[in-house]
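Please look over the sequence and the model first.

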Amino acid sequence: SEDNLDYLRERDALYIVGTPKGRLRKFEKELLESHDWKQVEPGVEVKLVDHPDAAGQERYVLCRSLARHEKEAAMLRRQRDRLRTKLEQIDTSLKKRKAKPDPIERRIGKWLGRNTAAEKIFTVEVITEGGWAVGLRIEEDESKLSWAEAAQGAYLLRTNCREQDPSKLWHWYIHLTEVEDAFRTGKSDLGLRPVFHHREDRVQAHILVCFLALVMWRSLEMWLQGKG
């Protein structure tokens with residue numbers, strides 16, 4: 001979150017974090033360009049880009065994944081078809097029997113909320129006559145659909161690290177996500193209770209124990225990989 005980033009900046013800490021999907025729009029040109037991409041593993045490419053508002057203090061790593069693209073494309077197709085079907089059903093029922101606008105708008109909002117990947121593509125207007133809803137005007141924004149398709153499988157990382165190799169930055173971020181996965185496993189699968197610290201030395205001790213656990217995990221992982 002932005003609050004966490006402010007906290008890290010105040011302490012001059014290095015960070016690599018994910019960013020909201022909406023920020024991809026600022027890098028539409030770079031995303032659509034075919035050059036400067038570097039493959040970090042099969043199906044995953046990255047490139048280092050500068051943000052126009054970052055004043056040189058932060059940079060971004062633009063990433064795109066083929067597997068993620070296929071997954072998001074399938075999700076968009078399913079949600080787009082389902083949402084259009086539901087909206088057309090509402091329109092058909094209103095043409096047969098008019099209704100009050102408020103419940104119809106709530107029904108529309110419900111289906112939009114259930115299909116968040118496709119909702120921005122549609123513009124829906126309730127047609128009223130004499131205070132009654134008699135139909136829907138349903139339109140699809142082709143420009144938003146084109147952008148949604150272009151952005152599928154892409155994501156953005158934000159960092160203040162001065163490393164020039166985007167593949168290294170990507171690998172460091174993946175290591176962080178693995179640590180987060182282990183933390184989630186501890187809370188869910190193992191059922192460990194949360195620990196609240198109220199003193200700085202206790203916080204530092206907790207970080208040390210977590211780091212030692214990570215080192216042990218990495219050592220075991222490397223030994224297992226070495227044994228095939």
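What does the accessible surface of the chain come to, and what share of that surface belongs to carbon and sulfur atoms? The surface is about 15,700 Å², and carbon and sulfur atoms hold 54%. Areas come from the Shrake-Rupley method with a 1.4 Å probe.

The model is predicted: local features need pLDDT of at least 70, side-chain atom pairs count only at pLDDT 80 or more, and totals for chains, interfaces and linings use all residues. Residues are numbered from 1 along each chain as its sequence is written, and side-chain values use heavy atoms, leaving out hydrogens and water.

The chain has seven helices and seven strands (DSSP runs: H or I, at least four residues; E, at least two). Their order is α-β-α-β-β-β-α-α-β-β-α-β-α-α. Of the 228 residues, 29% are buried (under 20% relative accessible area; exposed is over 50%, partly exposed in between; 1.4 Å probe, protein chains only).

The structure holds 14 salt bridges (a Lys or Arg side-chain nitrogen within 4 Å of an Asp or Glu carboxyl oxygen).

| Pair | N to O distance |
|---|---|
| K21 and E72 | 3.5 Å |
| R80 and E140 | 2.9 Å |
| E125 and R137 | 2.9 Å |

K21 sits in the loop between β1 (16-18) and α2 (28-32), and E72 in helix α3 (residues 66-96), so their bridge ties parts 51 residues apart in sequence. K21 is partly exposed at 43%.

E140 in strand β6 (residues 132-140) and R80 in helix α3 are 60 residues apart in sequence.
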